[in-house]
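The report that follows describes one protein chain for a reader who works with coordinates. It moves from a single residue to the sheet, and then to the core and the backbone.

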Amino acid sequence: MNDNSLRDLRQPTDGKPPKITFPCRYPIKVVGNAAEDFAAVVCQVVTRHDPHFDATDMRVVDSRNGRYQSVRLTLLATGEPQLQALFVELKATGRVHMVL
């Protein structure tokens, strides 16, 4: 196999971001200040946007110094409007620094 036939699958060939086919399982990472109830707040918001969300799949990771927490989860995404509304509501809690 010659090197010309290989391509980097991480990069789209046309320069545009890849299209998402909805509905799909959609992983997100939510980062905020560490607190006992941070994961519960994230779970409440996500459940409003995905009523079938299974919180048992959530992973909470503390930062090295314990100041921040990240909550990793996967939800059922039904479309771009749902994801945008979810991100807006998470940020509106005042406790979320980033949603990735």
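In which strand is the place of Met-98? Met-98 lies in strand β4, where helices (H or I, at least four residues) and strands (E, at least two) are DSSP runs numbered from the N terminus. The model is predicted, so local features need pLDDT of at least 70 and side-chain atom pairs count only at pLDDT 80 or more, while totals for chains, interfaces and linings use all residues. Residues are numbered from 1 along each chain as its sequence is written, and side-chain values use heavy atoms, with hydrogens and water left out.

Met-98 is partly exposed, with a relative accessible area of 43%; buried means under 20% relative accessible area, exposed over 50%, and partly exposed in between (1.4 Å probe, protein chains only). Leaving aside neighbours within four places in sequence, Met-98 is in contact with Lys-29, Val-30, Val-31 and Lys-91, contact meaning heavy atoms within 4.5 Å. Val-30 and Met-98 are 68 residues apart in sequence, yet their C-alpha atoms are 5.9 Å apart in space.

**Chain and sheet**

The chain has two helices and four strands, and from the N terminus on its elements run β-α-β-β-α-β. Among contacts between residues at least 6 apart in sequence, 69% join residues at least 24 apart. The four strands form an open sheet in the order β2-β3-β1-β4, with antiparallel pairing; two strands pair if DSSP finds at least two bridges between them. Because β2 (59-62) and β4 (96-99) stand at the edges, each with a single partner strand, one side of each is left without a neighbour in the sheet. From one strand to the next, the twist averages 25°.

Strand β1 (residues 24-33) is joined to strand β3 (residues 68-77) by 10 bridges, and the two run antiparallel. Within this pairing, Arg-72 in β3 is the bridge partner of Lys-29, while Cys-24 stands opposite Ala-77 in β3. β2 and β3 also run antiparallel, joined by four bridges, and Asp-62 stands opposite Gln-69 in β3.

Helix α1 (residues 38-49) packs on the sheet and touches β1, β2, β3 and β4, its direction making about 20° with that of β3. For such angles, axes are lines fitted to C-alpha atoms, for helices over the stretch in contact, and angles run from 0 to 180 degrees between N-to-C directions.

**Burial and core**

Of the 100 residues of the chain, 28% count as buried. The chain exposes about 7200 Å², of which carbon and sulfur atoms supply 53%; these areas come from the Shrake-Rupley method with a 1.4 Å probe, and for residues only the protein chains shown count as cover.

| Residue | Relative accessibility |
|---|---|
| Cys-24 | 17% |
| Cys-43 | 18% |
| Gln-82 | 12% |

Taking a disulfide as a pair of cysteine sulfur atoms within 2.5 Å, the count comes to zero.

The largest nonpolar core has 19 residues, and those with the most contacts inside it are Val-42, Leu-73, Leu-75 and Leu-90. A nonpolar core is a set of buried Ala, Val, Leu, Ile, Met, Phe, Trp, Tyr and Cys residues joined through side-chain atoms within 4.5 Å. The elements that give two or more residues to this core are β1, α1, β3 and α2, and α1 gives the most, with six residues.

Gln-82, found in helix α2 (residues 80-92), is in contact with His-49, Asp-50, Leu-75, Leu-76 and Ala-77 when its neighbours within four places in sequence are left aside.

**Backbone details**

Most residues other than glycine have a negative phi, and most peptide bonds are trans. In the hairpin of β2 and β3, which has five residues between the strands, Gly-66 takes a positive phi near 80°. A cis peptide bond joins Phe-22 and Pro-23, with omega about -5°, and Pro-23 is found in the segment before β1.
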